[in-house]
Each structure stands twice: as structure tokens, then as C-alpha cells.
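Me: I have a few questions about the terms used for this model. Please set each one against its definition.

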Amino acid sequence: MVLDRMPVPVLAIAEDGSIVFANSAFADMVGYPAEALGDMKYHQIFHAMPTDESAVSVMRAHANLIVELLHSDGSIVRAWMSKSALQRGNDPVALATFQDLTEKLWVEEL
């Protein structure tokens, strides 16, 4: 699959919060094996995001913003999340890319 070969982190989430795709760059960013991410829900990765609405709606609402992701070691990864590549209002999946800003933001806060 083309998305597997992208050098940037890519994640796709279904409305129910299931992670339907994560490439190896995303898996590396959050410290999980890519196979393990397929068994997880978005609330296990996204820190402090609403869980009472569809995961697709939450991802759309936070597009082009810095989000906090939970790393497997318990630390927070701060990353810019793109708009979903799937733009129709009835798409049951959101697919976004991420840029890890953790180190940059940590240095700027010093």
C-alpha cells in the first residue's frame, strides 16, 4: 500500500474510534508496533480528546492543530495534525498526517 511507504506519520480512524490504518512512521512516533495499533481505539492514543462524539468528528474538529498523543512509554507526543484527506461529510473514516513537534515545542518553552 502506498500509505505504508510514506515517510510521514499517517493514521486513519473510523467513526467508532477504531484505528483502521497506521503506517510505520506513525507507529514509531507513538512507540507501538504498527500491528498493535490496529487493536487500539483513538482514545488510547489521543490525550484529552472528547469520547462522547464520533472519532471522525473529533479529528475533523482538531484538524490543522497541535494534538497530544500518548506514547507507549507514557510520555506525551505533541504533533500537528492535518485535515482529513477524506473530505466528504459522510466519510466514515478520517485519514490524517502528523508532524511531531514535541522537541521543537519543548525547546521553545524553555
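Reply: The model is predicted. A strand here is a DSSP run of E with at least two residues, and two strands pair if DSSP finds at least two bridges between them. By that rule E1 and E2 form a hairpin, with four residues between them. Gly17, in the turn, has a positive phi of about 95°.

Me: How do you know that E1 and E2 pair?

Reply: Strand E1 (residues 10-14) and strand E2 (residues 19-22) share three bridges in the antiparallel sense. The cut-off is at least two bridges, so they count as paired. Leu11 stands opposite Ala22 in E2.

Me: What makes E4 and E5 a pair?

Reply: Three bridges join strand E4 (residues 76-81) to strand E5 (residues 93-100), again antiparallel. Ala79 has Asp100 in E5 as its bridge partner.

Me: Why is one side of E2 and of E3 left without a neighbour in the sheet?

Reply: The open sheet has five strands in the order E2-E1-E5-E4-E3, with antiparallel pairing. E2 and E3 (65-70) stand at the edges, so each has a single partner strand. On average, neighbouring strands are turned by 35° against each other, direction ignored.

Me: Why is Ala48 called exposed?

Reply: Its relative accessible area is 69%, and exposed means over 50%, so the term applies to Ala48. Ala48 lies in the loop between helix H2 (34-37) and helix H3 (55-61). Its phi is positive, about 60°, although Ala48 is not a glycine.

Me: What makes Asn64 partly exposed?

Reply: Asn64 has 37% relative accessibility. Asn64 is in the loop between H3 and E3 and has a positive phi of about 60°.

Methods: Residues are numbered from 1 along each chain as its sequence is written. This is a predicted model: local features need pLDDT of at least 70, side-chain atom pairs count only at pLDDT 80 or more; totals for chains, interfaces and linings use all residues. Side-chain values use heavy atoms; hydrogens and water are left out. Axes are lines fitted to C-alpha atoms, for helices over the stretch in contact, and angles run from 0 to 180 degrees between N-to-C directions. Buried means under 20% relative accessible area, exposed over 50%, partly exposed in between (1.4 Å probe, protein chains only).
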